[in-house]
Amino acid sequence: MPAIVLLGAQWGDEGKGKATDLLGSRLDYVVKFNGGNNAGHTVVIGTEKYALHLLPSGILTPGVVPVIGNGVVIDLGVLFGEIDGLEARGVDTSRLVVSANAHVIPSYNRTLDKVTERFLGSRRIGTTGRGIGPTYSDKMSRVGIRVQDLFDEKILRQKVEGALAQKNHLLVKVYNRRAIEVDEVVDELLAHADRLRPMVADTSLLLGESLARDEVVLLEGGQATLLDVDHGTYPFVTSSNATAGGACTGAGIPPMAVTRVIAIAKAYVTRVGEGPFPTELCDEDGENLRQIGREFGTTTGRPRRCGWYDLPIARYASRINGVTDLVLTKLDVLTGWERIPVCVAYDIDGERVTELPMTQTGFHHAKPIYEYLQGWTEDLSSARTLADLPAAARSYVEFLEERSGSRISAIGVGPERDQTVVIRDLLN
Ligand code: GDP
Ligand code: IMO
Ligand code: MG
């Protein structure tokens, strides 16, 4: 019963959407297990470009059943907007299944996300402002609203009343905003109930039955290892578990069902929002990576911070997630540099450190120690096998593989589905 986890090894936007799409028709289920519409996955199929936020990337593959798992937080307006947008382009979304236990993002949590960030000032996280953090906080505080609550109006009203009893104090007394009416929120949520109902199921049961039939279930992570609330660069993280452990809780499947963990890493590193980033380039090289790699957020359009590949991060991601296969993306973007720095360790207050430091202070003080690899000038976009890559690009990949802690099984050389060097099958 093969369940396969696919997740980000760095700070997000590694190209997870493209990788899921690549596995496409060989999958039976694609399950989104964490996050919400803070994610943005760009998938290019021929001349068509799709930007997905809340729907699993499997939605684009005919025959695959896309699932929004219990670990996801759902903005219902965004969900239906995305469905309508895809349907208008001829994509069949009718197979979508949504967990009854997933939490919904009421509008007050979008408001709270934004005002909290403003209130934090220079200590802000740089969130996407989509209400993700407050909705996961509500889940943990046990005042969240779940999908299933929309089908029992009395219960829904009670829960909204309970949540607003706290939130309105915060909004009015701390943030100087107007109080929110219970009716307003109940009506906003109920407006989606009829359309949502046929999609809702016990998705843990559905996936358990599918695995028992030996079908292939892909668990697709939003965000990435260093944005994980437990294992990332806290507090500059998202509010869910984006690492492999989160896949089991967020989808409701047992750990022993997972046979493979595929991590996606860019051939360099990017980050959106605030927080430490040892290899960040605030110079011309950073600007060149951003322009050549088109590093602008799929969700917020913000310029992504860019830096060189970081081996301590890669090894950390391998260990935390038990990575079996690494997919190295955007190697094509590195064409044209005379030599390419790779961070092999950190200098932390005069000490050479090869692991991620234990403390936040240590990570903030970390300065990259680089080894320099020879660059190449050839365009890589038509490479399909390792032999098609110039020798210097092959050496770069071999160096990263040796030092990253996981074997590299595929390499991205362009945004399109077929612009991939496949070294070994990711499913068998
Ligand atoms: P995700 O959030 O991990 O799914 O990644 P995003 O879609 O936010 O960002 C990755 C971007 O890189 C998208 O615009 C992809 O189309 C693009 N992309 C993915 N793989 C490659 C690659 O190998 N080369 C190039 N040039 N672009 C890629
Ligand atoms: P994908 O799935 C990159 C970042 C935000 C912010 C922090 C917290 O496309 O890789 P949040 O709104 O989640 O509370 O913001 O996390 N962030 C992402 N960065 N890719 C993402 O998703 C992200 N989702 C959240 O920029 O720094
Ligand atoms: Mg993204």
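Student: How much space lies in the second largest pocket?

Tutor: About 760 Å³ of space lies there, where a volume is the space filled by probe spheres set on grid points that are joined across faces, edges and corners. Before we go on, this is a predicted model, in which local features need pLDDT of at least 70 and side-chain atom pairs count only at pLDDT 80 or more, while totals for chains, interfaces and linings use all residues. Residues are numbered from 1 along each chain as its sequence is written, chains are lettered from A and ligands numbered from 1 in the order in which they are written, and side-chain values use heavy atoms, with hydrogens and water left out.

Student: What makes a space a pocket, and what makes it a cavity?

Tutor: On a 1 Å grid over the protein atoms alone, a cavity is a set of points where a 1.4 Å probe fits but cannot get out. A pocket is an open set with protein on both sides within 12 Å along at least five of seven lines, and lining residues have an atom within 4 Å of a point. By that rule 30 residues line the second largest pocket, and Thr42, Gly293, Arg294, Lys330 and Pro415 lie nearest its centre. Two or more lining residues come from each of helix 1, strand 3 and strand 4 (48–52); helices (H or I, at least four residues) and strands (E, at least two) are DSSP runs, numbered from the N terminus.

Student: How many cavities of 30 Å³ or more does the structure hold?

Tutor: There are 2. The largest cavity holds about 70 Å³ of space, and its lining includes Gly15, Lys18, Thr329 and Leu426. Helix 1 gives the most to this lining, with 3 residues. At least three residues come from each of domain 1 and domain 3, and the classes are 5 nonpolar, 4 polar and 1 charged. The second largest cavity has a volume of about 30 Å³, and among the residues that line it are Lys32, His41 and Glu220.

Student: Why is Thr329 called buried?

Tutor: Buried means under 20% relative accessible area, exposed over 50%, and partly exposed in between (1.4 Å probe, protein chains only). Thr329 has 9% relative accessibility, so it counts as buried. Thr329 is in strand 14, and a polar atom of its side chain lies 2.5 Å from the backbone oxygen of Glu14. Leu326 also lies in strand 14, and Leu326 is buried because its relative accessible area is 4%.

Student: Why does Lys330 count as partly exposed?

Tutor: Its relative accessibility is 21%, so the partly exposed label applies. Lys330 sits in the loop between strand 14 and strand 15 (339–348). Phi of Lys330 is near 60°, a positive value in a residue other than glycine.

Student: How do you know which residues are the protein donors of the magnesium ion (ligand 3)?

Tutor: Donors are N, O and S atoms within 2.8 Å of the metal (3.2 Å for Na, K and Ca), and water is not among the atoms, so sites may look incomplete. Asp13 (OD) and Gly40 (O) lie 2.0 Å from the magnesium ion, and they are its protein donors. This pair links distant parts of the chain, 27 residues apart: Asp13 is in the loop between strand 1 (3–8) and helix 1 (16–23), and Gly40 in the loop between strand 2 (29–32) and strand 3 (41–45).

Student: Are Asp13 and Gly40 buried or partly exposed?

Tutor: Asp13 is partly exposed, because its relative accessible area is 22%, whereas Gly40 is buried, with 12%. Asp13 also has a positive phi of about 60° although it is not a glycine.

Methods. Ala, Val, Leu, Ile, Met, Phe, Trp, Tyr, Cys and Pro count as nonpolar, Asp, Glu, Lys and Arg as charged, and the others, Gly among them, as polar. Domain bounds come from an automatic or database domain assignment. A polar contact is a pair of N or O atoms within 3.5 Å; within protein, one must be able to donate a hydrogen and the other to accept it, and residues adjacent in sequence count only if both atoms are side-chain atoms.
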